[in-house]
Amino acid sequence: MNFKINGLKWKLLDVERGNDRLTLKNGNTCFGVTSYQDLEIWIDRTQPKELYRQTLIHELIHAFTFSFGVHLFANENTEESVCDFMGAHFDEIMKIANRAFDSHMEGR
């Protein structure tokens, strides 16, 4: 799948768990990877539905922060922690935001 973020053309690729792109420098494997150099996201398509969705959101946050010039990496753990947090709570944030917005619009 191809999409744009802030004018940059990104590509999302669903790959098998054993794909080399999901192997980190230390030899561990992961569920998803965002490549800023290639403007590509690779995600393990064999994950359970909810884990796939959470991984997708996590990797999209990486892509969005890069595409808008937001550099979260005071160190690598900072960026990963922010993406993990947003990936875990994105649905809840959007649910509250939508409810608040709908309530606001009712009064207009």
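Author: Helices here are DSSP runs of H or I with at least four residues, strands are runs of E with at least two, and both are numbered from the N terminus. The model is a predicted one, in which local features need pLDDT of at least 70 and side-chain atom pairs count only at pLDDT 80 or more, while totals for chains, interfaces and linings use all residues. Residues are numbered from 1 along each chain as its sequence is written, and side-chain values use heavy atoms, with hydrogens and water left out.

Reader: Which pattern does the protein chain follow when read along the sequence?
Author: The secondary structure of the protein chain consists of two helices and four strands. Taken in sequence order, these elements give the pattern β-β-β-β-α-α.

Reader: What percentage of the 108 residues in the protein chain is buried?
Author: The C-alpha trace spans about 55 × 30 × 30 Å along its principal axes. A residue counts as buried under 20% relative accessible area, as exposed over 50% and as partly exposed in between, with a 1.4 Å probe and protein chains only. By that criterion, the buried part of the 108 residues comes to 29%.

Reader: Among contacts between residues at least 6 apart in sequence, what percentage joins residues at least 24 apart?
Author: A contact requires heavy atoms within 4.5 Å. Of the contacts in the protein chain between residues at least 6 apart, those joining residues at least 24 apart make up 53%.

Reader: Which residues of β1 lie on its covered face?
Author: In a regular strand the side chains alternate between the two faces of the sheet. Strand β1 has an uncovered face made of Asn2 and Lys4, and its covered face holds Phe3 and Ile5.

Reader: Which residue in β2 stands opposite Lys4?
Author: Two strands pair if DSSP finds at least two bridges between them, and β1 and β2 pair in the antiparallel sense over four bridges. Within this pairing, the residue of β2 that stands opposite Lys4 is Lys9.

Reader: What is phi of Asn6, a residue other than glycine?
Author: Most residues other than glycine have a negative phi. Asn6 sits in the turn of the hairpin that β1 and β2 form with two residues between them, and Asn6 is partly exposed because its relative accessible area is 48%. Its phi is positive, with a value near 50°.

Reader: In β4, which residue is the bridge partner of Val33?
Author: From strand β3 (residues 32-35), Gly32 and Thr34 point one way and Val33 and Ser35 the other, and all are buried. Four bridges join β3 to β4, and these strands run antiparallel. The bridge partner of Val33 in β4 is Trp42.

Reader: Does Leu39 count as buried or exposed?
Author: Leu39 is found in the loop between β3 and β4, and it has a positive phi of about 55° although it is not a glycine. Because its relative accessibility is 18%, Leu39 counts as buried.

Reader: How far apart in space are Ala63 and Leu39, C-alpha to C-alpha?
Author: Ala63 lies in helix α1 and is buried, with a relative accessible area of 0%. Leaving aside neighbours within four places in sequence, Ala63 is in contact with Ile5, Trp10, Thr34 and Ile41. Ala63 and Leu39 are 24 residues apart in sequence, and their C-alpha distance is 7.8 Å.

Reader: What distance separates the C-alpha atoms of Asn98 and Leu8?
Author: Asn98 has its place in helix α2 (residues 76-106) and is partly exposed, with a relative accessible area of 40%. Asn98 and Leu8 are 90 residues apart along the chain, and their C-alpha atoms are separated by 27 Å.
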